[in-house]
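Q: I am new to this structure and would like to learn how to read its features one at a time. Could you give me the general idea each time, and then the case at hand?

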Amino acid sequence: VTVSYSNAIGSQVELEETKHATGNTPTRRKGNMRSRKKKEAVGSKELPDFYRFQRRENKKRSLEELRAQFEEDLKRVKRMKEERHYRPF
């Protein structure tokens, strides 16, 4: 009797039972077969930044958003300092 450490066939008890029941070596159970993933068609995904100008525009937009957020944070910190709720440490 060959003992396999993989889950491809099953436990040793199942191996013995299938050998005695069928008389042949057991085949792989259906539950252990790998499922095949469907391949997507080439070009089905649209690239958001395909062209150089799109990358530049996105980068510029994100920097503008960061600057706006920074300005809001500065205003909030200034207001908190005035109210004496600002304690950095």
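This is a predicted model: local features need pLDDT of at least 70, side-chain atom pairs count only at pLDDT 80 or more; totals for chains, interfaces and linings use all residues.

Q: What share of the residues counts as buried, and how much surface does the protein expose?
A: Of the 89 residues in the protein, 1% are counted as buried. The exposed surface comes to about 9600 Å², an area from the Shrake-Rupley method with a 1.4 Å probe, where for residues only the protein chains shown count as cover, and carbon and sulfur atoms supply 52% of that surface.

Q: How many helices and strands does the protein have?
A: Such elements are DSSP runs numbered from the N terminus, with at least four residues (H or I) for a helix and at least two (E) for a strand. Here the protein has 2 helices and 0 strands. Helix H1 spans 12–22, and Tyr51 lies in the loop between H1 and H2, while helix H2 covers residues 52–83.

Q: Which residues are joined by salt bridges?
A: A salt bridge is a side-chain nitrogen of Lys or Arg within 4 Å of a carboxyl oxygen of Asp or Glu, and the structure holds 2 of them. In one, Asp73 pairs with Arg76, and their closest N and O atoms are 2.6 Å apart; because these two residues are 3 residues apart in helix H2, about one helical turn separates them. Asp73 is partly exposed at 25% relative accessibility, and Arg76 is partly exposed with a relative accessible area of 43%. In the other, the side chains of Arg79 and Glu83 meet at 3.9 Å, N to O, and these residues, both in helix H2, lie 4 residues apart, about one turn of the helix. Arg79 is partly exposed, its relative accessible area being 45%.

Q: How is a pair of aromatic rings described?
A: Such a pair is described by the distance of the centres and the angle of the planes. Rings of Phe, Tyr and Trp (its six-membered ring) pair if their centres lie within 6.5 Å, and planes under 30 degrees apart count as stacked, over 60 as edge-to-face and the rest as tilted. This structure holds 2 aromatic pairs. The rings of Phe50 and Tyr51 have centres 4.9 Å apart and planes at 85°, so this pair is edge-to-face. Tyr51 and Phe53 form a stacked pair, with 5.9 Å from centre to centre and 15° between the planes. Tyr51 is partly exposed, with a relative accessible area of 47%, and Phe53 is partly exposed at 41%.

Q: Which residues form patches on the surface?
A: Patches are made of residues with over 30% relative accessible area and no salt bridge, like charges being joined within 9 Å and nonpolar side chains (Val, Leu, Ile, Met, Phe, Trp, Tyr) within 5 Å. Leu47, Phe50, Tyr51 and Phe53 form a nonpolar patch with about 460 Å² of accessible area together. Arg52, Arg55, Arg56 and Lys60 gather in a patch of positive charge, where Lys and Arg count as positive and Asp and Glu as negative, His and the chain ends not being counted, and each charge is placed at NZ of Lys, CZ of Arg, CG of Asp or CD of Glu. Lys60 is found in helix H2 and is exposed, with a relative accessible area of 54%.

Conventions. Residues are numbered from 1 along each chain as its sequence is written. Side-chain values use heavy atoms; hydrogens and water are left out. Buried means under 20% relative accessible area, exposed over 50%, partly exposed in between (1.4 Å probe, protein chains only).
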